[in-house]
Amino acid sequence: MTSLSWSRRRASAARFWSQYRRRRAGLYGLGALVLIALLALAAPLLTGGNVQSVTQAPGTSLEPPSARFPLGTDQFGRSLLGLLVWGARVSLAVGLLAAALSVAIGTLIGILAGHYGGWFSTVVMRVTDWFLVMPALVLAIVLATVLSRSMWTVVLAIGITSWPTTARLVRAQTIAVESRPYIERARALGGGHGHIMSRHVLPNVMPLVLSQTTLCISSAILTEATLAFLGLGDPTVVSWGGMLQDAREAGAVSSGHWWYLAPPGIAIAVVALAFTLCGRAIESVLNPRLGAGR
């Protein structure tokens, strides 16, 4: 039974990849993400362990790009290329963790609201609507200000303010799934609430959850960069948003030190675009009604 289950999963994964690789934009996004992830993982080998050190900076303040420093240096004389590679570790980690937390909360609330319905669904959806009309960035700023400044605070602030969209999508999908005949048969055979939600509803909403996760990651990375740019991130770690904040404090905008601003800004845009391309490709594969030619 186990071997049959695994063979079905392998066949399903093979079909998914066969359809995914037909989406050229999705392949470009996936390739960019793989390259950036490999660079982030290999950061200690590529840049050394003292790239973040202020006292052991190898260059002088705000050197322009050169053969020694391809992206120039910051106000402390540190290599911006090394900082950019190290910053990828924090930015990607925060984006992945915050998106996972957001999607987990939204999926749980959406399934519960769609399954139980009635007054419970009404109350939950009114709370969800309140979170939707409130600017998520403002709520995240409030939480990041009240709580201690750390990477986990940023993850928590993003995760608990960006779940409503996922909750509404999952609730609508849950209602559609529970209207199918096999759900009625499961109830007639004695299936309880937990059994129906975990064994029947959750597997059917997972494709939607997967595509939503990839889209949430890009949004989480942008939000993390915004919080760090506003000085609400963890000051002890290097991130792309923190690099932009350091560039602003060093007066890079007014003094014309473009090499201090451009690399982290471009990196944030590239990663956000790559995750969006992957998310759209996954969504079109899992939902053929979106168009097979995408």
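Trainee: Where is Q245 found?

Mentor: Q245 sits in helix 11, residues 240-249; helices here are DSSP runs of H or I with at least four residues, numbered from the N terminus. The model is predicted: local features need pLDDT of at least 70, side-chain atom pairs count only at pLDDT 80 or more, and totals for chains, interfaces and linings use all residues. Residues are numbered from 1 along each chain as its sequence is written, and side-chain values use heavy atoms, with hydrogens and water left out.

Trainee: Is Q245 buried or exposed?

Mentor: Buried means under 20% relative accessible area, exposed over 50%, and partly exposed in between, with a 1.4 Å probe and protein chains only. Q245 counts as buried because its relative accessibility is 11%.

Trainee: Which residues is Q245 in contact with, leaving aside neighbours within four places in sequence?

Mentor: Contact means heavy atoms within 4.5 Å. On that basis Q245 touches A228, F229 and G231.

Trainee: Which residues of helix 6 are buried?

Mentor: In helix 6, residues 136-146, they are L139, A140 and A144. They lie on the same side of helix 6 because they cover an arc of only 130° around the axis, taken from the directions from the helix axis to the C-beta atoms. The face turned away from this buried side carries the exposed residues T145 and V146.

Trainee: What do the buried residues of helix 6 pack against?

Mentor: Their partners are helix 5 (118-133), helix 7 (151-159) and helix 10.

Definitions and conventions. Helix = DSSP H or I, 4+ residues; strand = E, 2+ residues; numbered from the N terminus.
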